[in-house]
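Visitor: Could you walk me through this one, starting with how its strands pair?
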Amino acid sequence: MTIVEACESKTNTTPDFPMGWYSVERSHQLAIGEVKAIKVFDREMVLYRTRSGKAAAQDAFCPHLGAHLGHEGRVVGESIRCPFHGWQFNADDGKCSHIPYCDEIPERARVRTWHAEEKNGEVYVWFHPENTGPQWGLPDLPELGDPDWTSPRYTEHLVPAHVQDICENSCDPVHFQYVHGQMSVPESEVTIDPDGRTMHLHSHMKDADHPGHLHATTYSPGFAMVRNTYGPGAEMIMYNSAQPIDDGQTLMRWTLIVRKEIEDFAGDDVMKGIIDGLSDDYPIWANKVHRRRPVFCKGDQTLVMFRKWVRQFYVTSQDQQEIA
Ligand code: FES
Ligand SMILES: [Fe+2]
């Protein structure tokens with residue numbers, strides 16, 4: 001078994017994130033030749049776009065003397081050049097391809113490369129603590145770019161909580177009453193597809209500002225689509241992809257679209273309502289702890305389902321011990 005190398009964060013904490021796809025940037029915010037320092041999975045990383053247009057995500061610290069490649073590093077063709085002594089590392093495998101003052105390249109001169117893909121306007125990185133390849137693909141979002149829907153509106157929200165706790169909200173109909181001010185708990189149902197991985201929540205929001213049906217599809221923790229239907233032709237989609245920065249901070253990237261039929265008279269209100277909803281959740285997330293073993297009551301079936309579902313995204317407890 002491959003043992004996970006020490007986590008490359010300044011605090012050197014153990015990574016403990018569910019495997020899956022996570023967004024690290026909007027595609028349009030990463031130009032050719034652009035280099036960014038990012039933090040994700042409690043690791044410092046460098047994100048850049050090569051001259052051929054490929055997005056690359058790699059561990060940030062140069063194997064030579066440890067300079068951060070995301071600060072003043074330069075794209076050179078299909079590689080990144082360290083700002084300190086000019087060593088160059090390939091975007092595709094992280095191997096050092098060039099040392100400007102030496103012909104011999106040490107075997108271990110390599111940076112860890114994360115599997116990155118672009119889809120639906122975002123750059124995604126596949127996370128698995130052992131850095132194995134993707135076990136499933138990124139879902140399509142056919143409504144993005146469909147002329148019956150508005151062009152996307154983007155918002156980003158930095159939330160002071162672990163990615164799993166934010167995701168858990170989508171299986172928590174009770175909190176709609178207490179946190180989001182509904183008159184009662186909406187009638188809700190949680191189902192899981194035969195693949196065991198894609199989870200759905202259906203809620204009938206009778207007492208909401210905009211009554212309707214909510215369908216949240218969660219593809220993996222931190223990757224979800226919420227479709228609100230208020231009536232025929234009156235629909236809104238919120239596409240949410242998360243960047244787990246560390247175990248207490250998550251950056252959420254939301255992409256919102258509404259059907260053209262309601263754009264003029266309700267589009268802005270609907271989108272504002274969704275964004276405002278986040279401020280209801282915020283104080284809870286900012287102050288809560290993560291309970292690994294919560295005390296559940298009989299009315300918590302959807303939350304119990306969520307906790308069982310989410311386990312598949314973590315490596316086994318034996319792996320966890322070896323990581324630690
Ligand atoms: S630290 Fe990167 S080349 Fe020296
Ligand atoms: Fe909420």
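Guide: In this predicted model, strand 4 (residues 55-59) and strand 9 pair in the antiparallel sense over two bridges, where two strands pair if DSSP finds at least two bridges between them, and helices (H or I, at least four residues) and strands (E, at least two) are DSSP runs numbered from the N terminus. Local features need pLDDT of at least 70, side-chain atom pairs count only at pLDDT 80 or more, and totals for chains, interfaces and linings use all residues. Residues are numbered from 1 along each chain as its sequence is written, while chains are lettered from A and ligands numbered from 1 in the order in which they are written.

Visitor: OK, and what stands opposite W114 in strand 9?
Guide: That residue is A57.

Visitor: Which sheet is that, and which strands are at its edges?
Guide: Four strands make an open, antiparallel sheet in the order 2-3-4-9, and strand 2 and strand 9 (113-114) are the edge strands, each pairing on one side only.

Visitor: Switching topic, how is the protein divided into domains?
Guide: The domain assignment, whose bounds come from an automatic or database source, gives domain 1 (20-127) and domain 2 (153-311). The contact between them takes 11 residues from domain 1 and 13 residues from domain 2, counting two residues as in contact if their C-beta atoms, placed from the backbone, lie within 7 Å.

Visitor: Which strand gives the largest share of domain 1's side?
Guide: Strand 1 does, with six residues, and both strand 1 (20-26) and strand 2 (35-40) supply at least two residues there.

Visitor: Does UniProt say anything, or what does it cover?
Guide: The unreviewed UniProt entry carries the annotation "domain: Rieske" over residues 21-125, and such annotations may be inferred rather than shown by experiment. Over residues 21-125 the chain is 0% helix and 44% strand, with the end C-alpha atoms 6 Å apart.

Visitor: What about strand 15, what does it pair with?
Guide: Strand 15 (residues 212-220) pairs in the antiparallel sense over seven bridges with strand 14 (residues 199-205), where H200 has T217 as its bridge partner. Strand 15 also pairs in the antiparallel sense over seven bridges with strand 16 (residues 223-231), and these two form a hairpin with two residues between them, G222 in the turn having a positive phi of about 90°.

Visitor: Last one: where does helix 3 bend?
Guide: Helix 3 bends by about 85° at A266, the bend being the angle between axes fitted to the seven residues ending there and the seven starting there.
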